[in-house]
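Please walk through the assembly shown below, chain by chain and contact by contact.

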Amino acid sequence: MTSLIRHKGWTWGFRSTVLLYFLALIVLPIFGVYVQSLSAGWEALIESVADPIAWKAVLLTVKLGLISTFINVLIGTMIAWVLIRYKFPGRTLLNSLVDLPFALPTAVGGLMILLLLGPGSWIGEAAERLGFQIVFHQPAIVIAMIFVTFPFVIRAVQPLLEELDPLEEEAAYTMGASRRRTFFKVVLPSMLPGIISGGMLAFSRALAEFGAVVLVAGNIPGRTLIASVFIFGEVESDNPVGAAAVSVMLLTLSFAILWVINLVQQRGRRA
Amino acid sequence: MHVEVRDLNKHFGSFHAVKNVSFEIEKGHLIGLLGPSGGGKTSILRMLAGLETPDSGEIRFHGKVVNDIPPQERGIGFVFQSYALFKHMTVFDNIAFGLKVKKATKAKIKDRVMELVELTGLSGFEHRYPHQLSGGQRQRVAFARALAPEPQLLLLDEPFAAIDAKIRQELRSWLRELIERVGITSIFVTHDQDEAIEVADEIMIISQGQVEQKGTPWDIYKEPRTPFVASFIGESTVVDKASELKGFESAAKHDVRALIRPEYIEIGSETDFPVLSATETGIVRHLHFRGSEWLVEVEVKGNKLITYRSLEKETLHPGQEVRVLVHRAYLFNDENSWIEENGLKVDPMPIMI
Amino acid sequence: MRRLWIGLTYAVFTILLIIPLSRIAVGAFEHGLDGFATALLRPEALHALMMTGLIVIVVTFLNGLFGIMMALYLVRATWLSRKLKGVLNSIVDLPYAVSPVIGGLMIVLLLGPDSIIGGFFEGIGFKVVYAFPGMVIATLFVTFPLMVREVMPVLQEIGEDQEQAAATLGAYGWTTFAKVTWPSIRWAVVYGIVLTVARSLGEFGAVLVVSGNIMNHTQTATTLVYQDVENFNVAAANGVALVLAAFSVGLLLVMEWAKKRKGVH
């Protein structure tokens with residue numbers, strides 16, 4: 001009997017430890033930021049958010065995030081399609097390479113872009129001669145975002161394409177549909193849930209990206225200062241309330257996206 | 001093992017899956033729990049195994065309440081519908097699992113496993129993995145695995161559901177023989193009445209969480225106690241107004257319905273029947289060839305009845321007029337049900353002749 | 001048509017992944033093998049790599065253990081109501097949506113010297129933020145979902161049948177886990193470990209905020225790369241970056257291998 005009681009005690013100890021770890025690690029810090037942003041009252045929060053540097057940083061992040069997501073949706077869908085539908089030499093290798101941006105430290109990613117496009121590199125100089133500026137300007141930020149979010153759309157679309165029964169397409173052909181029509185009416189709709197949820201994930205990751213961006217962004221307020229870098233700057237200059245205020249904006253936005261992704265996936269599962 | 005269940009209840013959320021179920025099973029018997037899907041059969045089985053906890057009621061093995069005993073200690077063997085074989089273990093290791101858990105000696109494990117492998121006809125497959133076996137072989141492994149620790153009660157959840165119709169037939173008689181040889185009390189769940197009739201000593205019909213009837217297959221067939229049982233077991237047609245049937249006018253007051261099995265009905269020409277007044281006219285509507293006999297659909301006063309007819313007898317044609325004799329009917333209304341013989345069948349005035 | 005699409009795919013991969021990766025390698029050896037060696041053998045570089053290694057080990061161990069447990073509870077626990085499980089399940093994903101910088105900020109706010117908890121620890125002479133523990137916590141936060149999300153679907157897919165079969169055969173919780181559950185999830189766990197290692201190896205934003213990036217003290221490999229670049233010492237940055245990139249590619253290979261094994265069972 002004592003061994004049974006001891007056994008029960010162990011079980012409960014285990015369970016509470018795991019749950020406590022989880023709550024302390026994940027929930028408490030998030031809660032903390034929201035509390036901190038309100039620590040000096042609503043006025044202070046509104047003031048911090050109303051600071052043009054702050055809201056412009058968030059707005060710029062959203063804008064550049066959207067651009068990079070859009071590009072990623074296009075090339076991601078294409079690559080997912082090519083990797084699943086065509087057999088060609090090097091396919092397996094390319095398929096494994098897709099995950100590289102996940103595996104590579106983002107700071108290294110940023111360094112790569114800096115080396116390739118930065119001052120002193122021939123692409124950077126050629127662009128400059130043409131009157132373009134890449135590094136320390138918006139294009140570099142977009143490229144950094146595309147790089148780190150590259151795998152999302154591909155990995156979300158691939159399983160859907162794999163599941164798609166080729167018979168469905170063949171059925172469309174037998175009913176006289178052209179290739180084009182079949183693609184838009186049969187193939188694309190079945191890829192759509194993946195494109196949407198992959199795109200959303202990519203977007204929320206782009207909003208959050210810091211490592212790759214901080215090395216290539218110029219940090220000019222309103223032009224090339226994105227939210228995460230702005231927060232970092234606030235932390236460095238010992239202004240946690242300002243940092244918390246922008247964090248709360250960005251977090252709320254990200255959570256909303258996460259919530260939408262969940263909805264999309266649930267609906268996809270039901271269909 | 002002697003099994004006793006009293007007033008068992010189980011809810012899943014607001015769904016009352018098992019309602020006041022009580023029954024008793026003698027040692028060594030093979031019982032089939034039969035009923036439509038979702039009727040609570042599997043829940044009862046899982047409560048016996050200890051995989052599900054009853055909300056109320058008692059389960060006794062050998063007279064001892066086992067409600068609070070975990071599945072590990074109940075001395076049962078369970079064969080899952082999906083077999084639930086350990087995918088990463090060979091056939092040998094699957095069967096040996098229960099013995100290893102009980103810390104039997106290596107030699108003993110080997111003997112017992114080889115004995116069961118022999119018994120289940122799996123010799124030569126000991127080192128295969130589940131995914132290398134056919135459905136029927138997997139079923140045998142699941143069976144051998146459940147038997148290995150020498151349980152006193154064997155529980156089988158839809159044991160043949162996932163097997164091809166043809167092999168299913170073989171496995172049924174194999175299972176029946178094997179259980180007889182091992183002499184273990186067994187309970188199996190099925191929704192297939194042929195399976196239950198063929199394999200079980202006794203059948204419990206379960207519907208909507210309640211035991212409708214318990215008895216030998218023959219008893220249940222002969223004397224169904226509820227309309228549900230009558231319609232669930234065997235083939236039958238239901239006539240809404242039983243009083244319309246010749247010979248049942250007086251027995252059946254209004255609102256009484258009749259359930260008629262094909263073998264209750266005889267059809268033929270006028271000369272075929274000694275008491276013609278007990279028959280009435282019907283019209284053959286359809287004929288279906290059933291391999292060894294004809295299935296005849298005959299219409300009597302707007303009621304469609306079915307019966308079988310030997311191939312040796314004169315072949316009927318659709319549209320043909322025949323005499324129809326209803327020997328017997330299972331009558332029921334909202335309160336009662338009973339079996340009634342045709343009242344006109346026995347010649348009412350034999351002395352006159 | 002087919003040729004065009006395949007060509008385009010190759011082009012994207014080459015421009016976006018292959019050229020940048022080789023550029024790092026070229027950059028690291030710009031000053032020859034000696035340049036690479038000097039960059040790597042700087043005391044701050046060695047220390048940074050050691051810090052990264054320590055963080056990876058501690059974080060992978062803790063999140064591996066707790067991640068598996070959490071996945072088990074979220075899928076199997078009968079002592080948690082379905083609703084509560086749903087809520088916990090969505091909370092698991094939150095770190096994905098949190099910018100690493102914000103993750104770091106959270107920890108500074110919660111455990112920094114000015115906070116209640118941080119002040120308490122400081123009082124007993126235990127520094128959390130701007131020290132190793134804070135960096136570990138920040139990385140734990142960022143990498144927590146990875147293991148849970150790898151193990152959960154596998155647990156859901158194998159279902160409870162095998163575990164219940166083990167129970168009816170007399171096996172209790174631990175034996176069932178070791179003999180039945182573990183063999184089914186082990187490749188998912190390997191995959192989860194690889195992902196966790198990769199992510200904690202590369203974590204930058206959260207660690208940068210929490211560590212204060214103090215050379216030879218709280219600097220990790222990634223924050224060293226950052227500092228080198230800020231100091232216009234790109235060649236030195238390349239050396240460390242190449243080591244990190246090589247590790248990543250190695251992890252990618254392990255990932256591919258684990259993925260294949262995962263598919264077998």
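Helices (H or I, at least four residues) and strands (E, at least two) are DSSP runs, numbered from the N terminus. In these terms, B:E4 belongs to strand β1 (residues 3-12) of chain B. The model is predicted, so local features need pLDDT of at least 70 and side-chain atom pairs count only at pLDDT 80 or more, while totals for chains, interfaces and linings use all residues. Residues are numbered from 1 along each chain as its sequence is written, chains are lettered from A and ligands numbered from 1 in the order in which they are written, and side-chain values use heavy atoms, with hydrogens and water left out.

Buried means under 20% relative accessible area, exposed over 50%, and partly exposed in between (1.4 Å probe, protein chains only). With a relative accessible area of 14%, B:E4 is buried. Contact means heavy atoms within 4.5 Å. Leaving aside residues up to four places away in sequence, B:E4 touches B:F23, B:E24, B:E58, B:I59 and B:R60. The side chain of B:E4 also makes a polar contact of 2.4 Å with that of B:R6. A polar contact is a pair of N or O atoms within 3.5 Å; within protein, one must be able to donate a hydrogen and the other to accept it, and residues adjacent in sequence count only if both atoms are side-chain atoms.

Chain B as a whole has 8 helices and 19 strands. Its C-alpha trace spans about 85 × 45 × 40 Å along the principal axes. Of the 353 residues of chain B, 49% count as buried. Among contacts in chain B between residues at least 6 apart in sequence, 63% join residues at least 24 apart.

How do the chains meet? Chain A and chain B do not touch, and their nearest C-alpha atoms are 12 Å apart. Of the 2 pairs of chains in contact, chains A and C share the most contacts.

The size of an interface is often given as the accessible area lost when the parts come together. Buried area here is the accessible area (1.4 Å probe) that two parts lose on being put together, summed over both. Between chain A and chain C about 6,500 Å² is buried, and carbon and sulfur atoms give 84% of that area. In chain A, the residues that lose the most area to chain C are A:Y21, A:F22 and A:L115, together 10% of what that side buries. Helix α1 (residues 2-37) of chain A gives the most to the side that touches chain C, with 16 residues. That side of chain A divides into 52 nonpolar, 11 polar and 4 charged residues. In this division Ala, Val, Leu, Ile, Met, Phe, Trp, Tyr, Cys and Pro count as nonpolar, Asp, Glu, Lys and Arg as charged, and the others, Gly among them, as polar.

Chain B and chain C bury about 1,800 Å² between them, 64% of it on carbon and sulfur atoms. B:Q72, B:K87 and B:H88 supply 32% of the area that chain B buries against chain C, more than any other three residues. The rule finds 6 residue pairs in polar contact across this interface (both at pLDDT 80 or more). On the side of chain B that touches chain C, α2(B) gives the most, with 3 residues.

A salt bridge is a side-chain nitrogen of Lys or Arg within 4 Å of a carboxyl oxygen of Asp or Glu. Over all chains, a search of the whole structure finds 26 salt bridges.

One of them joins the side chains of A:D99 and A:R155 (3.1 Å, N to O). A:D99 lies in the loop between α4 (91-97) and α5 (100-103) of chain A and A:R155 in helix α8 (residues 138-163), so the pair ties together parts that are 56 residues apart in sequence. A:D99 is buried at 4% relative accessibility, whereas A:R155 is partly exposed at 21%.

In chain C, the side chains of C:R42 and C:D228 meet in a salt bridge (2.9 Å, N to O). C:R42 lies in the loop between α2 (32-41) and α3 (43-76) of chain C and C:D228 in helix α12 (residues 221-230), so this pair ties together parts that are 186 residues apart in sequence. C:R42 is buried at 14% relative accessibility, and C:D228 is buried at 5%.
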